[in-house]
Amino acid sequence: MRNQEIADIFTKMGTLLEIKGENIFKIKAYYKAADNIRALAEDIEQVKNENRLSQIPGIGAAIEKKIIEWLDTGHMSAYQELIKEVPVSLLKIVEVPSVGPKKAKLFFEKLHVKSLEDLKKAVDGGKLTGLEGIKEKTIENIAKGLKVVAEGQERMNLGIATEVAEEFLSLLKKLPEVKDISVAGSLRRGSETVRDIDILIESANPKKIMDYVVSLPQVQNINAHGETKSSILTKDNVQVDVRVIEPKSFGAALLYFTGSKNFNVKLRQIAMKKDMKVNEYGVFLVKDGKEKCLASKTERECFDVLGLPNIPPELREDIGEVELFGEKKIPKLIEAKDIKGELHVHSTWSDGRNTIAEMVEAAMKLGYEYLAISDHSERLKIAGGLSAEDLKKKKKEIDMLNKKLKNFRILFGTEVEIDSEGNLDYNDRILSEFDVVIAAIHSGFEQSPEQLTRRLVRACQNKYTHAIAHPTAIHIGKRQPLNMDFKEVCKAAVDHNVFLEINSFPVRLDLNSSNVYFARSQGVQFVINSDSHSIDHLDYIKFGISIARRGWLRSEDVINTLSVEQLLKKIKK
DNA sequence: GCCGTTTTCGGCCCGACTGTTTTCAGTCG
C-alpha cells in the first residue's frame, strides 16, 4: 500500500506551505487530506483505479489530480515546484522546539539557514542576534531545542509511556491539593506510540501543584511554568505536560485534552450546528452573543448535551465513530475481564525467565483458565529453540503439571519459525502433537513484498497452523513492518481458519490498531497475547486490549475470550 | 484547497504560555 507515502508528501507540503506563508486554510486542507489518507483502511491505488478518490473526505479536484500524478508517474510536479522555493531540509528545522514556520522562514531568508547544522552554526556564531523579534531568551530556547532534537526525541512505545505516567501519577496523588487526576492525550487513547505524556489534575489550588511539578528530581528542563500549565522534560527525555483544572470543568478538560485533535474538531462542528461551543471549560449554549454553560463536570455530561453517547477514549479518532454512535452501530468493545487465557508465552524451555509452573501460577492469579506455553522452535537457536527430543520432555512436564491442576489447563504450544519459503520448522508428525501452533517470522525481513506475502500465505495454508504471531514483525523504533500485501494475508487467514495475533509486547504492539481495524473488515479473527518471557510480562496484555479496542473489536472477535473447551473446538482444523 | 439542509462563494476549531512587546505574534497542543 502506498497510502503512507502519499500522506507523508501532503504533510510535508502542508509544512512547506506554512513556511512559505501560504493561506492557512489551504495549508489545513493539505494536512486534512494527509490525515484522511493515512486513516484509509483500503489501498489508495485501488480507490484510484475505481475512480473513488474524490469520495475520500478532504480530497477535492486539485489533490485528486496530484495523487493520480504520483501513482501514475512516481512524481508530483506541485511538490517538485514547492521544494525549489522552500528547501525540503527546512522540515527538520520546524521540528526544533520553539522554532515554527515563521522563524524557519525568517532564518532562511535572512541567514540562508537550510539545515539543522546551519541553524546550529547560526546560533553558536551569534548570527540570530538582531533579527526582528529575536532576543536573548528566544536564542537560548532554540539552543535547547537543538539539543533535544540531537538527542533524538522520538515517540516512545505505550509500555514506556505507561511506566513514566504511573510514576508521575503516584507522586502527584500524594499531594493533598490533588482532588482527582488522570492521564489524557494519546496515552489515554491507548495509541501504540506516544510523543509526550499529558496529565490533568482537578484542584482548586493550582499554584502549589505547578511549583511541585517543576521541582521534582526527575526534571531535566522546564519548558513552561505557568499558573495552570507546566511542561517539563524528564532526565530520560520524556516530555510531561501537567495541567490543573478547576473542579467544575474537569470533565470538559479531560474530553478536550484526550483528543484526538480530529475528534475534537468533529465535536466542535457538531456543537456549532446546535448553536453550542466546546472548549476545555465546558459545553456552552451561544445565544445573542451570550454564553451559558450546559455541561462541564464530567465527560458523560458533555457527551449528553451534545446528543452523543459516552464514546470510549480508544475510539476517539474521528474515523466514523461519531456518526456510527449516532446510529447506535458501534460494537460493545472487548474488555480486560473478557480474556480467559493466553496462547503465546515462553518458559525456561526456550528463552523465558520463569518455569512453566511459575508462569501458570502467575496466570492463575490473573484469573485465567488456561495458558499455552509456546516456546521457540528448533531453528531459532539464539532463543533456545526446542528439538524434537526437548519437546518430548516438555510435553511430559506439562502432562504431569496438568494432572495436579484443578480448573486450569496448560496447553502444549509452539511459536514455530516460518522459513524463507513459508514452510514451518517442524515436520507434520511433530506439529500434530501440539495443542496450539503459532507460526512466526523472525528472520529474512528484507525479502521482496511478493516473497513475504507468499511466505505468510503459505504459513496460513499449513493445516497445523492456528495463528500467526506478530504478523508484521515491526519492532518499534528499530524495524519497519514487513513490506507485504496485508490484504492477501488476511484473506489467507480467513480462508484457512487462522487467527492473527495482537502481540502486546511493548516494542512490538503488532498488529497495530489500523491493521486490526482493516483486518476486522476482512473477516479476520484474532488472538491477543502478551508474548511474555517472564511472569512480569503477563500484565502487558492490557496494551493488546487497548489496540483491540482501537480496532473496534468485540469479545467475540477474539478467541482467547473463549473457555478452553470452546477454544480447542474453534481452532480444530 | 475543500465544502455545501444559507451549495459555486465565503467560510473554514479554540485557548494557554512565552517572549516580545506595550497589544500581539508565534508556538504548541
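Trainee: Which residues in α20 meet which residues in α21?
Mentor: This is a predicted model. In it, Thr453, Leu456, Val457, Cys460 and Gln461 of α20 meet Glu488, Val489, Ala492 and Ala493 of α21.

Trainee: What are the classes of the residues in the contact of α20 with α21?
Mentor: Six are nonpolar, two are polar and one is charged.

Trainee: At what angle do the axes of α20 and α21 cross?
Mentor: The axes of α20, residues 449-461, and α21, residues 486-495, cross at roughly 5° and come within 9 Å. Angles under 35 degrees count as roughly parallel, so α20 is roughly parallel to α21.

Trainee: What about α17 and α18: at what angle do they pack?
Mentor: Helix α17 (residues 356-365) packs against helix α18 (residues 388-404) at an angle of about 40°, and their axes are 11 Å apart. That angle makes α17 oblique to α18.

Trainee: Is the crossing of α17 and α18 left-handed or right-handed?
Mentor: The crossing in which α17 passes α18 is right-handed.

Trainee: And which residues meet there?
Mentor: From α17 there are Ile356, Ala357 and Val360, which meet Glu397, Ile398 and Leu401 from α18. The contact of α17 with α18 has five nonpolar residues, no polar ones and one charged residue.

Trainee: Moving to α8 and α9, how do their axes cross?
Mentor: The axes of α8, residues 116-124, and α9, residues 136-150, cross at roughly 140° and come within 10 Å. The two helices are therefore oblique to each other. In handedness, α8 passes α9 in a left-handed crossing.

Trainee: Which residues make that contact?
Mentor: On α8 they are Leu116, Leu119, Lys120 and Val123, and on α9 they are Ile139, Ile142, Ala143, Leu146 and Val149. By class, the contact of α8 with α9 has eight nonpolar residues, no polar ones and one charged residue.

Trainee: How many residues of each class does the surface near DNA strand B have?
Mentor: It has 13 nonpolar, 14 polar and twelve charged residues.

Trainee: Now the backbone. Which residues does a cis peptide bond join?
Mentor: One such bond joins Gly259 and Ser260, with omega about 0°. Ser260 lies in the loop between α13 (250-258) and α14. A cis peptide bond also joins Asp510 and Leu511, where omega is about 5°. Leu511 is in the loop between β16 (499-503) and α22 (513-521).

Trainee: What is the phi of His112?
Mentor: His112 has a positive phi of about 60°, although it is not a glycine.

Trainee: Where is His112 found?
Mentor: His112 is in the loop between α7 and α8.

Trainee: Last topic: which domains does the assignment give for chain A?
Mentor: The domain assignment gives domain 1 as 3-150, domain 2 as 156-245, domain 3 as 250-326 and domain 4 as 336-571.

Trainee: How far apart are the C-alpha centres of domain 1 and domain 4?
Mentor: Those two centres, of domain 1 and domain 4, lie 40 Å apart.

Key
Residues are numbered from 1 along each chain as its sequence is written. Chains are lettered from A and ligands numbered from 1 in the order in which they are written. This is a predicted model: local features need pLDDT of at least 70, side-chain atom pairs count only at pLDDT 80 or more; totals for chains, interfaces and linings use all residues. Domain bounds come from an automatic or database domain assignment. Axes are lines fitted to C-alpha atoms, for helices over the stretch in contact, and angles run from 0 to 180 degrees between N-to-C directions. Helices (H or I, at least four residues) and strands (E, at least two) are DSSP runs, numbered from the N terminus. Angles under 35 degrees count as roughly parallel, over 145 as roughly antiparallel, 65 to 115 as roughly perpendicular and the rest as oblique. A crossing is left-handed if the near helix is turned anticlockwise from the far one by less than a right angle, and right-handed if clockwise. Two residues are in contact if their C-beta atoms, placed from the backbone, lie within 7 Å. Ala, Val, Leu, Ile, Met, Phe, Trp, Tyr, Cys and Pro count as nonpolar, Asp, Glu, Lys and Arg as charged, and the others, Gly among them, as polar.
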